[in-house]
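Welcome! Take a moment to look at the sequence and the 3D view before reading on.

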Amino acid sequence: MRAIPLKSLASLAVLGLLATGCGQGLLGGGDSGDQAAKKDGPILLGMLIPQSGSEAAIGPYMSNAAQLAVDEINAKGGVLGRQLELKTADDACDAQSAAAGANKLVTEAVDVSVGGYCSGATLPTLPIFGKANIPMIIPAANSQELVDQKLKHVFLINGTGSQQAMAAEKWITKQGAKSVALMHDNTSYSKDIAVRTQALLEAPGGAEPVITEAVTPKESDYSANITNVLDKKPDFVYWTGYFQEGGLIARQLRQAGYKGSIMVGDGSVSPKLMEIAGAEAAEGVYATMTQTPDTLEGAEGWIAAYQKKYNAAPGPYSNQAYDAVRLAAEAITKAGGTDGAKVIAALEAIDGFPMFSGPLKFTPEHTLASGGFQILVVKGDKFALQDALK
């Protein structure tokens, strides 16, 4: 999927014109018995994000961007004559907390879910929202396991784990690596990428995967894992988990004398990685990642609108969260209301809807046709674009 020019897209965002239907509306998840009573009230969007725990730094980026989209749409008249309202809940990147948060949002009668960052926390929410007939537009979580559930109400607008693994293998091969160590944290998201990358590397002519090392999340000392990895003498290490452990692993690899390349998965793309690893260890670390605000060509207007509203720069997954709200509005408008089945049908029929990742058309599996993964690299205190992998 080729990205559309973003200069016009970004400038439209500043004017609030990205709200689909020029101020027409969103729907609600299910049109159950009480739907008639709330038909003139706000359309409710639910967003599960990490507001506490090790991944809490990501939550504000997503909720702020989602609220920016809500405000822009409401300023143009809302959706189907109704205002949008964003309700958030904390999943703490934890399955139990996520299930509780999903049940809370269902109780609050949200019409569409536009959240989901950690795959392991998002997975248990799928049947909860499904039972309530609430469509899910997932902006960040991307484990292939989410796709493999084959659930009609689930749509991913981030590249999948399978697509990320393909990008990782392509870059590792392009770098001329001979031996690769894969490291993951045993979560659905992280292990999935590592396993799929290993399988791709094992094809004839690829770099040799010399070890796949699983670590225990939330530890402070990974020296035993580092020793296991370095004993295999890899010239490339790919960490597929989150930034808390990723920063420690990058730092401890360098402290142990490792001179080869280090790459992290998209869950580690955060300024926190540099903070945890330290500037010296983080410098030059690669990452497999979809578009971020820093790598969006022509998005200056949208970034300025975000900065004006929040007095801070947008971060990872803010653009995807923004687009999730816009897509929900588009689907509800096309469906003519908030009936869950009609919204799902409208999402399946989307063809060419403009998003930061490019014109949207879902595959039969409700994923992006092209994952949009690119290679970033740490330069100073930012992730910069290294290779678009075109």
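**Helix H3 and its partner**

H3 and helix H14 (residues 300-310) pack at an angle of about 100 degrees, with their axes 11 Å apart. That makes H3 roughly perpendicular to H14, a label for angles of 65 to 115 degrees, while under 35 is roughly parallel, over 145 roughly antiparallel and the rest oblique. This is a predicted model, in which local features need pLDDT of at least 70 and side-chain atom pairs count only at pLDDT 80 or more, while totals for chains, interfaces and linings use all residues. Residues are numbered from 1 along each chain as its sequence is written, and side-chain values use heavy atoms, leaving out hydrogens and water.

*More on H3*

- From H3 come Pro60, Tyr61, Asn64, Ala65, Gln67, Leu68 and Asp71, which meet Trp302, Ala305, Tyr306, Lys309 and Tyr310 of H14; contact means heavy atoms within 4.5 Å.
- The residues of this contact of H3 with H14 divide into eight nonpolar, two polar and two charged.
- Helix H3 (residues 58-75) has 18 residues and spans 26 Å from its first C-alpha to its last, close to the 26 Å expected at 1.5 Å a residue (1.5 Å times one less than the number of residues).
- Because 13 of the 18 residues of H3 are buried, H3 is largely enclosed by the rest of the structure (buried means under 20% relative accessible area, exposed over 50%, partly exposed in between, with a 1.4 Å probe and protein chains only).
- After H3 comes Gly77, which has a positive phi, near 110 degrees.

*Helices H8 and H9*

- Helix H8 (residues 161-174) packs with helix H9 (residues 188-201) at an angle of about 45 degrees, and their axes are 8 Å apart.
- H8 and H9 are therefore oblique to each other.
- On the H8 side, the residues making the contact include Gly161, Met166 and Ile172, and on the H9 side they include Tyr189, Arg196 and Leu201.
- Eight nonpolar, four polar and three charged residues make up the contact of H8 with H9.

*A look at Asp387*

- Where does Asp387 lie? Its place is in strand E14 (residues 382-387).
- Asp387 is buried, with a relative accessible area of 15%.
- Leaving aside neighbours within four places in sequence, Asp387 is in contact with Trp171, Lys174, Gln374 and Ile375.
- Asp387 and Phe373 are 14 residues apart along the chain, and their C-alpha atoms are separated by 9.7 Å.

How values were computed: Axes fitted to C-alpha atoms, helices over the stretch in contact; angles between N-to-C directions. Helix = DSSP H or I, 4+ residues; strand = E, 2+ residues; numbered from the N terminus. Nonpolar A, V, L, I, M, F, W, Y, C, P; charged D, E, K, R; others polar.
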